[in-house]
Amino acid sequence: RGANGMAAMRMKNGFIQAFLVIMLFLAGNGLTGCAYFNTFYLTKKNFKDGERVRKRSQDANNPEMKKYYNAVIESGAIILQDYKDSRYVDDSLFLMGMSYYHTRDFTRARTKFDELLTAFPQSGFAEEAKYYRARSFMEIDRIDQARVDLSELTTLGNRAIQGQAGLTLAEINFRAGQWDEL
């Protein structure tokens, strides 16, 4: 190697050392977010892919759909475990709850929605989580709890959720033959 080759090698080693020092500094200050953001990005991407497959197939047992939703649940669990203080915890809880809901695991869906509503009552996902918690209650034959959530939702601000909640209450009353309530 000539003088230019040695100088280039020293410069390359200097860049590598500087990069490592910066990474150690960031890690020591809790500022490494690349893996964390990638985990959340993949969680969102898998959820969108699962939704696309679900809407296209209309088959609740579609293995491709379940693969995507299970990936959401796995990566969401990593976020909840390793990044408890991140700004995406409520997002992850909601996506996990919806993934459980669409894979027909209504007990776990309800649990994730409960966690979200308890820890983040002001979340942008709160009303929708309460709606799907009520739907989950319906699926596991806890109609009284479903009625409570749905009744609350009919009085909240989001008109779309109010309408969905009202229709779902009507569905409950229709199924039960409660014509006066209907």
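1. Basis. The model is predicted, so local features need pLDDT of at least 70 and side-chain atom pairs count only at pLDDT 80 or more, while totals for chains, interfaces and linings use all residues. Residues are numbered from 1 along each chain as its sequence is written, and side-chain values use heavy atoms, with hydrogens and water left out.

2. Ser75. S75 sits in helix α3, residues 63-82 (helices are DSSP runs of H or I with at least four residues, numbered from the N terminus). Beyond its neighbours within four places in sequence, S75 is in contact (heavy atoms within 4.5 Å) with T39 and T43. The side chains of S75 and T43 are joined by a polar contact of 2.6 Å. Such a contact is a pair of N or O atoms within 3.5 Å; within protein, one must be able to donate a hydrogen and the other to accept it, and residues adjacent in sequence count only if both atoms are side-chain atoms.

3. Helices α7 and α8. The α7 residues I143, A146, R147, L150, S151 and L153 meet I161, Q162, A165, T168, L169, I172 and N173 of α8.

4. Stacked pair. F94 and F125 are stacked, at 4.8 Å centre to centre with 20° between the planes. F94 belongs to helix α4 (89-102) and F125 to the loop between α5 (106-119) and α6 (126-139), 31 residues apart. F94 is buried at 6% relative accessibility, whereas F125 is partly exposed at 23%.

5. Edge-to-face pair. Y101 and Y132 pair edge-to-face, at 5.1 Å centre to centre and 75° between the planes. Y101 is in helix α4 and Y132 in helix α6, so this pair ties together parts 31 residues apart in sequence. Both tyrosines, Y101 and Y132, are buried.

6. Cluster. One aromatic cluster is formed by F94, Y101, F106, F113, F125, Y131 and Y132.

Definitions and conventions:
Helices (H or I, at least four residues) and strands (E, at least two) are DSSP runs, numbered from the N terminus. Rings of Phe, Tyr and Trp (its six-membered ring) pair if their centres lie within 6.5 Å; planes under 30 degrees apart count as stacked, over 60 as edge-to-face and the rest as tilted. Buried means under 20% relative accessible area, exposed over 50%, partly exposed in between (1.4 Å probe, protein chains only).
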